[in-house]
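Biologist: I'm new to this one, could you put it up and walk me through it?
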Amino acid sequence: MSAPYSPMQAIDVLDTYFIENRSRILDIASFLDRIDRHEGVAAAKADYRYQALQTILRLLSASETGRTKAIQMALSDPSTEPLDSALGLRAYGAWDGSRP
Amino acid sequence: MKVIDPHIHMVSRTTDDYLKMTISGIQTVCEPAFWAGYDRGTAASFRDYFQQLTVVEPARAARFGIKHYCWIGLNSKESEDLALADEVLSFLPEFLDRPTVLGIGEVGLNKNSRNEIAVLEKHLEIAVARNELILIHTPHLEDKHKGTRIIMDMIRSEPRIDPARVLIDHAEEHTIGEIKDNGFWFGMTLYPNSKGSPERAIDAVEIFGTERLCINSSADWSVSDPLSTLKCANEMRRRGHPEAAINQVFYENPKSFLSQCPKFQAA
């Protein structure tokens, strides 16, 4: 007979996952610094994907739970009408309202 | 432990992967028809691919003691050419009759276009006429939420389709709730870099429960891992979930959904 399930405490979650998530945040910081180091930084920062990153970083630091869904929705196409054609189109990871 | 991978593209994997999977406990796999990484030019290409899925791949898997099943359909990325789609759909029934074909899939939407919707409607008509199980592909990234809603509206408007016989795949945090509320099964895909991680998948198990959930690797020709279901099971284990719950998610759940097709027998 297996032992009864005892869910982790919040401090257990912190203990288990802190180091790997510290590393992930540093990867994001390094990615943003990499953009800063290269020519054309102004154009990159004006790009809708960079702007989307800024939006979701704000959502990441929000105090309320539900951050994951909020970030998913912030990156999603909010429209409801089908596209006339998908020819030549692909997904980019963030919604650009100026694209078809 | 025994695991069923309900969504993996073995035509894109090496024979070594079959060996790794079978010695690790993955001895039943299901392979949906999908996009090859390029658009096929003729219906004959699809016919050859369906032959590979229904004859060649089950034989290759059997050499390693793995049961190989598949789903047949025209993927949404190749649905813009309606004439080609009609030609491919005309010979789907021939392949759906084969002994290892579980139903129609993976079909759905990619960029949520009118032609993709038209081709999905035709797949649904075939499914209704033949009472087939359906495996739905939902769009990637920014198109997923909109596409999932369009797909669910289409299926719900066809009262002859029982949502319990439909699995909506590649679900994520922003689509799971509505999929479950509408009575469908949902799939979560473990895909390094672009889809879900084991940690996020088990977060979803903890938030949404273990009912009507199947977790898959969707391993294919891109960055992916045919053992990711086992790694995800291990993530559930390290959080202290009981073995019975882990077995439910990674073996009993896919077995329950897939066994609605009488051809399916889990190893």
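Biologist: Let's start with Arg212(B): is it buried or exposed?
Modeller: This is a predicted model, and in it Arg212(B) counts as buried because it has 20 C-beta neighbours inside 10 Å, and 20 or more is what the term asks for.
Biologist: And where does Arg212(B) lie in chain B?
Modeller: Arg212(B) lies in the loop between helix H8 (198-208) and strand S8 (213-216) of chain B, and its phi is positive, about 55°, although Arg212(B) is not a glycine.
Biologist: What about Asn131(B), what is its phi?
Modeller: Asn131(B) is not a glycine either, and its phi is positive at about 55°; this residue sits in the loop between H5 and strand S5 (133-137) of chain B.
Biologist: Is Asn131(B) buried or exposed?
Modeller: Asn131(B) is exposed, because 12 other C-beta atoms lie within 10 Å of its own, and the term covers residues with 12 or fewer.
Biologist: Staying with the backbone, which residues does a cis peptide bond join?
Modeller: The cis peptide bond joins Gly105(B) and Glu106(B), with omega at about -15°, and Glu106(B) is part of strand S4 (residues 101-108) of chain B. For background, most peptide bonds are trans.
Biologist: Changing topic, how many residues does the largest nonpolar core have?
Modeller: The largest nonpolar core has 72 residues, and those with the most contacts inside it are Cys70(B), Ile72(B), Leu102(B), Leu167(B), Ile168(B) and Ile215(B). The largest share of this core comes from H10(B), which gives five residues. As a general point, nonpolar side chains tend to be buried together in soluble globular proteins.
Biologist: Which residues does Cys70(B) touch?
Modeller: Leaving out residues up to four places away in sequence, Cys70(B) touches Cys30(B), Glu31(B), Ala33(B), Leu53(B), Thr54(B), Thr100(B), Val101(B) and Leu102(B).
Biologist: Now the helices: at what angle do H3(B) and H5(B) cross?
Modeller: The axes of helix H3 (residues 82-90) of chain B and H5(B) cross at roughly 15° and come within 11 Å; angles under 35 degrees count as roughly parallel, so H3(B) and H5(B) are roughly parallel to each other. Their crossing is right-handed.
Biologist: Which residues make that contact?
Modeller: H3(B) brings Leu82(B), Ala85(B) and Leu89(B), while H5(B) brings Asn115(B), Ala118(B), Val119(B), Lys122(B) and Ile126(B). By class, the residues of this contact are six nonpolar, one polar and one charged.
Biologist: Over in chain A, how do H3(A) and H4(A) pack?
Modeller: Helix H3 (residues 48-60) and helix H4 (residues 67-74) of chain A pack at an angle of about 165°, and their axes are 9 Å apart. Angles over 145 degrees count as roughly antiparallel, so that is the description for H3(A) and H4(A). The residues in contact are Thr55(A), Ile56(A), Leu59(A) and Leu60(A) from H3(A), together with Arg67(A), Ala70(A), Ile71(A) and Ala74(A) from H4(A).
Biologist: Last one, how many residues does each chain give to the contact between chain A and chain B?
Modeller: Chain B gives 26 residues and chain A gives 26 residues. On the side of chain B, helix H5 (114-130), helix H6 (144-156) and helix H10 (243-258) each supply at least two residues, and the largest share, four residues, comes from H6(B). The residues on that side divide into six nonpolar, eight polar and 12 charged.

Note on methods
Residues numbered from 1 in each chain as written. Chains lettered and ligands numbered in written order. Predicted model: local features only at pLDDT ≥ 70, side-chain atom pairs only at ≥ 80, totals over all residues. Axes fitted to C-alpha atoms, helices over the stretch in contact; angles between N-to-C directions. Parallel < 35°, antiparallel > 145°, perpendicular 65-115°, else oblique. Contact = placed C-beta atoms within 7 Å. Nonpolar A, V, L, I, M, F, W, Y, C, P; charged D, E, K, R; others polar. Core = buried A, V, L, I, M, F, W, Y, C linked by C-beta atoms within 7 Å. Left-handed = near helix turned anticlockwise from the far one by under 90°.
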